[in-house]
Amino acid sequence: MSKIINAIKTVLKETDFLLFFLCLAASGYGILMVYSATLAEKDPAAFISRDARTMLLAVAVGAIGALIISFIDYNFISKMFPLIGAVCIALLLLTLFIGVGPEERPDAKTWLKLGSTGLFFQPSELMKIGFIITLSMHIELIGDRLTVFTHILLLGLHAAIPIGLVVLSGDMGSALVFMLIFIVIAFCAGVQLRYFIIGGATVCAAAPAIWYFLFDSTQKERFLGLIYPNRYADIMYQQEQGLKALRNGGLTGEGLFHGTLTQQPNAIPEAENDMIFTATGEELGFVGCVLALALLLAISLRIISVGRHSKFGATSLMCYGTAAMIMSQVIINVGMCLKVLPVIGITLPFFSAGGSSNLCIYIGIGLIMSIYRFDRERDVTNVRIHPIIRSM
């Protein structure tokens with residue numbers, strides 16, 4: 001009996017409950033705001049809206065999945081990186097051929113319809129986690145040869161594959177997130193500054209071609225609208241309404257479920273998704289926005305802390321890449337809501353509605369919890385999944 005009790009104590013001690021509960025707190029906050037943002041549009045006969053219900057289910061499944069993944073040695077997960085990469089790329093390729101857009105976003109052909117269930121899955125969200133794992137392992141395999149130009153080119157090609165695929169599917173926002181993840185992981189790995197300068201110069205030189213050949217008319221207008229808002233009033237409507245909602249909220253907000261614009265159907269397009277930050281600001285004010293950002297910052301700092309204490313280079317990079325994924329999306333999303341950046345369809349992690357984004361981010365959290373667990377000194381080892389790949 002004492003052995004069982006000691007084993008349970010060890011398992012509990014090795015679980016990163018701080019990270020897990022921070023994530024659950026952020027998700028709970030997000031579900032509450034999505035519920036409020038969709039309250040005026042839900043079916044009167046339903047308790048909660050379809051978006052809130054989907055998010056709740058995704059968080060529940062994701063949280064359970066994160067706990068399960070945390071018991072799988074990250075060494076095993078790392079060794080599976082070729083398969084992980086292949087599956088993610090295959091899903092992105094499949095999206096190019098049979099990708100669809102849900103009824104509320106028919107222009108975005110970046111989802112796979114899951115049969116007749118009425119549910120959709122966005123492969124680019126899973127690819128973010130797969131990209132973090134495969135890129136980190138790629139750098140680990142390079143080792144001391146990271147200064148060799150050929151290997152830098154291969155790393156660039158590694159990043160170009162998912163970026164290119166999501167661009168072809170029309171998901172420019174995810175392409176930007178992939179690029180930022182790549183920059184952070186490469187920088188933390190020790191890639192020399194001159195390569196970043198070369199890469200930046202290359203992007204600048206290619207900017208005209210990107211503008212004319214990759215951006216569609218709507219995407220161009222969203223950029224131009226920031227400079228000439230009066231000329232592109234229709235395209236800027238969403239962001240203007242979002243700013244009005246934030247102004248309405250003031251310091252403490254108009255009250256939960258009482259936002260003037262949030263509770264008007266379609267007054268703020270995508271209020272439950274891309275613009276959830278504005279709904280939070282209108283109903284809970286500046287205080288509510290600061291709380292949301294504080295939770296997201298705490299999650300990112302915790303992940304970075306796990307990476308700093310990791311004993312292996314690849315796992316440290318996985319932690320830094322995951323934190324970069326979260327913070328880059330936070331910066332882009334909040335920038336959109338403040339009309340500092342154009343709308344490019346990036347969700348606010350843990351807060352925006354969406355099954356794919358909420359489910360996949362918990363897969364990433366499960367990986368971080370695995371790193372936390374199996375990087376610790378362990379007295380009891382017979383109650384967990386062993387790194388079976390050690391014997392390979």
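Axes here are lines fitted to C-alpha atoms, for helices over the stretch in contact, and angles run from 0 to 180 degrees between N-to-C directions. The model is predicted. Two packed helices are described by the angle between their axes and the distance between the axes. For helix 6 and helix 13, the angle is about 145° and the axes are 9 Å apart. Their crossing is right-handed.

Helix 6 brings K128, I129, I132, I133, S136, M137, I139 and E140 to this contact. Helix 13 answers with G313, A314, L317, M318, G321, T322, M325 and Q329.

## Helix 12 against helix 13

Helix 13 (residues 313-337) also packs with helix 12 (residues 276-308). The two axes come within 8 Å and cross at roughly 165°. That angle makes helix 12 roughly antiparallel to helix 13. The cut-off for that label is an angle over 145 degrees. Helix 12 passes helix 13 in a left-handed crossing.

On the helix 12 side, the contact residues are F277, T278, L293, L296, I299, S300, I303, I304, V306, G307 and R308. On the helix 13 side, they are S316, C319, Y320, T322, A323, I326, M327, V330, N333, V334 and C337. T322 of helix 13 meets helix 12 and also meets helix 6.

T278 lies in helix 12. Its relative accessible area is 0%, so T278 is buried. Beyond its neighbours within four places in sequence, T278 is in contact with G242, A245, L246, I268 and C337.

## Helix 2 against helix 14

The axes of helix 2 (residues 17-37) and helix 14 come within 10 Å and cross at roughly 165°. Helix 2 and helix 14 are therefore roughly antiparallel to each other. Their crossing is right-handed. L19, F20, C23, L24 and S27 make the contact from helix 2, and Y362, I365, I368 and M369 make it from helix 14.

## The buried side of helix 5

Helix 5 covers residues 81-98, 18 residues in total. From first C-alpha to last, helix 5 reaches 26 Å, close to the 26 Å expected at 1.5 Å a residue. Its buried residues are F81, G85, C88, L92 and T95. They sit on the same side of helix 5, because they cover an arc of only 85° around the axis.

What do the buried residues of helix 5 pack against? Their partners are helix 4 (74-79), strand 1 (112-113), helix 6 (123-142) and helix 7 (149-168).

G156 is found in helix 7. With 30% relative accessibility, G156 counts as partly exposed. G156 and S169 are 13 residues apart along the chain, and their C-alpha atoms are separated by 20 Å.

## F121 in strand 2

F121 lies in strand 2 (residues 120-121). Is F121 buried or exposed? At 17% relative accessibility, F121 counts as buried, because the cut-off for buried is under 20%.

Leaving aside neighbours within four places in sequence, F121 is in contact with L91, T110, W111, L112, L114, L126, S356 and C360. F121 and L301 are 180 residues apart along the chain, with their C-alpha atoms separated by 29 Å.

## The loop between helix 11 and helix 12

E254 is found in the loop between helix 11 (237-249) and helix 12. Its relative accessibility is 31%, so E254 counts as partly exposed. E254 and E283 are 29 residues apart in sequence but 4.8 Å apart in space, C-alpha to C-alpha. Not counting residues up to four places away in sequence, E254 touches N248, G249, G259, T260, E282 and E283.

F257 lies in the loop between helix 11 and helix 12 as well. F257 is partly exposed, at 31% relative accessibility.

Most residues other than glycine have a negative phi. F257 has a positive phi of about 70° although it is not a glycine. F350 also has a positive phi of about 70°, and F350 is not a glycine either.

Where does F350 lie? F350 lies in the loop between helix 13 and helix 14 (355-374). F350 is buried, with a relative accessible area of 2%, whereas F257 counts as partly exposed.

Notes:
Residues numbered from 1 in each chain as written. Predicted model: local features only at pLDDT ≥ 70, side-chain atom pairs only at ≥ 80, totals over all residues. Heavy atoms only, no water. Helix = DSSP H or I, 4+ residues; strand = E, 2+ residues; numbered from the N terminus. Expected span 1.5 Å × (residues − 1). Buried < 20%, exposed > 50% of the residue type's maximum accessible area, 1.4 Å probe, protein only. Arc of directions from axis to C-beta. Contact = heavy atoms within 4.5 Å. Parallel < 35°, antiparallel > 145°, perpendicular 65-115°, else oblique. Left-handed = near helix turned anticlockwise from the far one by under 90°.
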